[in-house]
Amino acid sequence: VKYWDDECRRRNIRLVILLIPDKEQVYLEHIPSRFNTKDKPIQPSCLIPLEQELAAYGIPVINLLGPYREEAVRDELLYWADDTHWNTAGIRLAAQRTWDVLKNRNLP
């Protein structure tokens, strides 16, 4: 990713990475305990350390895990109930978070 960021910057283009959480990480509390056992626990999200690593290289990152979890705690549905794809609310939140970064050019 650092290579691609360097190549983009060389061409006066900014690479922005959008980290997309999976449904299970967003709605962790709603997963039945039989699927999150001591012997086979659901692994923590890799998005936080990945975000930190990319940010350390100065690569702009938008991590949707936090905002999606905040909405999930309020029982907002961001994915289709029978699918792993975003519904309208999920798309809207991702687009808004991305736009907030891009419109203000809050890029390192």
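Start by selecting Ala94: beyond residues up to four places away in sequence, Ala94 touches Leu64, Tyr68 and Trp86 (contact means heavy atoms within 4.5 Å). Before you click on, note that this is a predicted model, where local features need pLDDT of at least 70, side-chain atom pairs count only at pLDDT 80 or more, and totals for chains, interfaces and linings use all residues. Residues are numbered from 1 along each chain as its sequence is written, and side-chain values use heavy atoms, with hydrogens and water left out.

**The cores**

Now widen the selection to Val26, Tyr27, Ile62, Leu64, Tyr68, Ala72, Leu78, Tyr79, Ala89, Leu93 and Ala94, the eleven residues of the largest nonpolar core. Such a core is a set of buried Ala, Val, Leu, Ile, Met, Phe, Trp, Tyr and Cys residues joined through side-chain atoms within 4.5 Å; buried is under 20% relative accessible area, exposed over 50%, partly exposed in between (1.4 Å probe, protein chains only). H5 gives the most, with three residues. Helices (H or I, at least four residues) and strands (E, at least two) are DSSP runs, numbered from the N terminus. Then pick out Ile17, Leu54, Ile59 and Leu65, which are among the nine residues of a second, separate core. In soluble globular proteins, nonpolar side chains tend to be buried together.

**The pocket**

Next, show Lys23, Glu24, Tyr27, His30, Ile31, Leu77, Leu78, Tyr79, Trp80 and Ala81: they line the largest pocket, which holds about 200 Å³ of space. A pocket here, on a 1 Å grid over the protein atoms alone, is an open set of points where a 1.4 Å probe fits, with protein on both sides within 12 Å along at least five of seven lines; lining residues have an atom within 4 Å of a point. The volume is the space filled by probe spheres set on the points, which are joined across faces, edges and corners. The lining splits into seven nonpolar residues, one polar and two charged (Ala, Val, Leu, Ile, Met, Phe, Trp, Tyr, Cys and Pro count as nonpolar, Asp, Glu, Lys and Arg as charged, the others, Gly among them, as polar).

Jump to Gln25 in helix H2 (residues 23-26). Gln25 is buried, at 11% relative accessible area, and its side chain reaches the backbone nitrogen of Ser45 at 3.4 Å. Leaving aside neighbours within four places, Gln25 is in contact with Ile42, Gln43, Pro44, Ser45, Leu65 and Arg69.

Over in helix H1 (residues 2-10), select Lys2, which is partly exposed at 32%. The Lys2 side chain makes a polar contact with that of Asp6 (2.8 Å); that term means a pair of N or O atoms within 3.5 Å, where within protein one must be able to donate a hydrogen and the other to accept it, and residues adjacent in sequence count only if both atoms are side-chain atoms. Setting aside neighbours within four places in sequence, Lys2 is also in contact with Tyr57 and Ile59.

**Two loop stops**

Asn12 sits in the loop between H1 and strand S1 (17-19), with a positive phi near 60 degrees, and is exposed at 74%. For Asp75, go to the loop between H4 and H5: phi is about 65 degrees, and Asp75 is exposed at 57%.

**Zoom out**

The chain has five helices and two strands, running α-β-α-α-β-α-α. Of its 108 residues, 31% count as buried.
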